Amino acid sequence: MTSPTTTAEPGPARLSPRKKRQLVRGVQYVVLGAAALFIAFYTDWKSLALFVRPDVAEKTLPDLFTIALKNTIIYSVGGFILSFVFGLLLALMKLSEVRPYRWIANIYIEIFRGLPALLVFVLLNFLPLALPGFEVPGGTYGLAILGLGLIGTAYQAEIFRAGLQAVPKGQTEAARSLGMSPMRAQFTVVIPQAIRIVIPPTTNQFVALLKDSSLVLFLGVSSGFVELAKFGNDVASENANPTPIMVAGLTYLLVTIPLGYLARRLEKR
């Protein structure tokens, strides 16, 4: 006897990987569209217009550029130069065979990477009490640059350390085989290559210092030394309107966005 032939019922159709991706993408678009509609209908646009009053924004000019932006750039560039020079020095000390040099570098880096940047600027206010009679050269500019330099040096040192260790040891050996002294090989062969390697993260570090320059306000600076954040806050208080703070934020973006784009281009190269 032969058993009757049974035909299997067709199962549910399975979606191909391409269809699954399209479905997931469609769901995401729907969620984003729903979120946009929610924001559009439930935002109090009349109150939000207080942040974009052209008449109040006009009151920030020309001091926004001639004082606030100028001071921000001076503080940031000065702090960056200080951190670049001493960061390289600390990186060399951390990689040195002399143990006390490594101790000094490690202690400095751990302290200033662990302390909040705000606390560093607050402590700078008490510098005259700790060192009676001592004055930082440059007055307010010098004090602000010193604060940013102290913070940036710790981070820049680690950036340089990684760059120095990324240079193949064969480069040093080749330089030594040509009769170069260890110091000359370091400064003419290794360091130039390390600087080229660390250009992208160094650019990002400058952007970070530019934003940290807003902490200069904790030094109690006068009107002629304000940076963008304090300038925007002061003008906002005078006009009882947040528009100047928004203008100061946009001015930061005018500087940081091109720098961020430059850093990404350098990383790709």
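A residue counts here as buried when its relative accessible area is under 20%, as exposed when over 50%, and as partly exposed in between (1.4 Å probe, protein chains only). By this criterion, 33% of the 269 residues of the protein are buried. The model is predicted, so local features need pLDDT of at least 70 and side-chain atom pairs count only at pLDDT 80 or more, while totals for chains, interfaces and linings use all residues. Residues are numbered from 1 along each chain as its sequence is written, and side-chain values use heavy atoms, with hydrogens and water left out.

The protein has 13 helices and zero strands; helices (H or I, at least four residues) and strands (E, at least two) are DSSP runs, numbered from the N terminus. The C-alpha atoms fill a box of roughly 110 × 70 × 30 Å along the principal axes. The radius of gyration of the protein is 28 Å, whereas a compact globule of 269 residues would have one near 18 Å. This radius is taken over C-alpha atoms, and the globule rule is 2.2 Å times the number of residues to the power 0.38. Among contacts (heavy atoms within 4.5 Å) with a separation of 6 or more, 77% join residues 24 or more positions apart.

A nonpolar core is a set of buried Ala, Val, Leu, Ile, Met, Phe, Trp, Tyr and Cys residues joined through side-chain atoms within 4.5 Å. In the largest one, of 37 residues, L90, F121, V216, L219, L228 and F231 touch the most other members. The elements giving two or more residues to this core include α5 (99-114), α8 (139-166) and α13 (243-268), but α4 gives the most, with seven residues. Leaving out residues up to four places away in sequence, F231 touches T60, D63, L64, A68 and V226. A second, separate core of eleven residues includes A91, L92, I159 and L164.

I197 lies in helix α10 (residues 182-197). With a relative accessible area of 41%, I197 is partly exposed. Beyond its neighbours within four places in sequence, I197 is in contact with G163, A166 and V167. I197 and E267 are 70 residues apart in sequence, and their C-alpha atoms are 9.2 Å apart in space.

The accessible surface of the protein comes to about 17400 Å², 66% of which belongs to carbon and sulfur atoms. Accessible areas come from the Shrake-Rupley method with a 1.4 Å probe; for residues, only the protein chains shown count as cover.
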